[in-house]
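Visitor: Could you walk me through a few features of this model?
Guide: Gladly; let us look at it together.

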Amino acid sequence: MILYPAIDLKDGNCVRLLHGEMDKATVFGTDPAAQAAKFEAAGCEWVHLVDLNGAFAGEPVNGAAVEAILARITVPAQLGGGIRDMATIERWLSKGLARVILGTVAVENPDLVRAAAKAFPGQVAVGIDARNGKVATKGWATETDVMVTDLAKSFEDAGVAAIIYTDIMRDGAMTGPNIEATEALARAVSIPVIASGGVSSLPDLIALRDTGVIAGAISGRAIYDGALDLTAALAALKA
């Protein structure tokens with residue numbers, strides 16, 4: 001299982017939100033590129049990036065910060081937030097991003113996800129953010145009646161590289177991930193599932209890994225707070 005350290009970008013800074021609320025942002029650093037370099041130096045195989053402003057605006061906002069990160073690191077990075085058309089997908093992948101994460105458009109324009117996954121094999125992931133089992137879009141501000149598993153299954157034949165599943169009520173709350181729901185999703189589809197939201201300790205990571213079906217886990221606040229020791233976590237996952 002791969003550990004993806006998260007860099008959430010708001011106004012050019014590295015932040016963490018609580019339950020996805022922009023007015024509950026804690027700034028952890030003003031140099032996201034330096035933070036990404038630290039993650040790489042620690043041995044991380046990937047870096048997970050989110051353009052929080054972009055998720056609300058519907059277009060990239062923290063582009064300069066993302067480009068600075070890509071210029072500093074050699075490990076692959078994936079980015080979500082405000083990527084809602086083919087031109088933006090093409091632009092980011094051409095700048096060296098390894099994978100784009102499509103969230104809102106997966107609900108509103110699934111044909112775009114299919115077209116992008118076909119055009120860029122292995123470089124398109126679907127971000128499914130859920131509140132009580134139902135999908136939320138537009139930076140989690142809009143709730144839908146779409147069920148998580150139904151949305152995931154609709155992309156089974158699309159060639160999507162991964163599904164990033166976030167339980168919104170766990171995100172940034174340091175309460176542990178929703179292992180049961182994440183495992184159920186991973187067993188329901190053949191697409192690799194990456195867990196996000198609430199991954200806050202080494203036992204959380206081990207529990208996710210021990211399901212045997214979860215491909216990765218994203219953690220942010222716990223790493224910055226020191227609740228999750230990155231070196232120990234990476235060593236444990238390699239054991």
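Visitor: In which strand does Asp129 lie?
Guide: Welcome to a predicted model, where local features need pLDDT of at least 70, side-chain atom pairs count only at pLDDT 80 or more, and totals for chains, interfaces and linings use all residues. Residues are numbered from 1 along each chain as its sequence is written, and side-chain values use heavy atoms, leaving out hydrogens and water. Strands are DSSP runs (E, at least two residues), numbered from the N terminus. Asp129 lies in strand β7, residues 124-131, while Asp8 lies in strand β1, residues 2-10.

Visitor: Is Asp8 buried or exposed?
Guide: Buried means under 20% relative accessible area, with a 1.4 Å probe and protein chains only. Asp8 counts as buried because its relative accessible area is 6%. Asp129 is buried too, at 17%.

Visitor: Which residues does Asp129 touch?
Guide: Contact means heavy atoms within 4.5 Å. Leaving aside residues up to four places away in sequence, Asp129 touches Lys134, Val135, Ala136, Trp140, Thr166 and Ile168.

Visitor: Where does UniProt place the feature "active site"?
Guide: Such annotations may be inferred rather than shown by experiment, and positions are given in the numbering used here, with feature names shortened. The unreviewed UniProt entry places "active site" at Asp8 and Asp129.

Notes: Helix = DSSP H or I, 4+ residues; strand = E, 2+ residues; numbered from the N terminus. Buried < 20%, exposed > 50% of the residue type's maximum accessible area, 1.4 Å probe, protein only.
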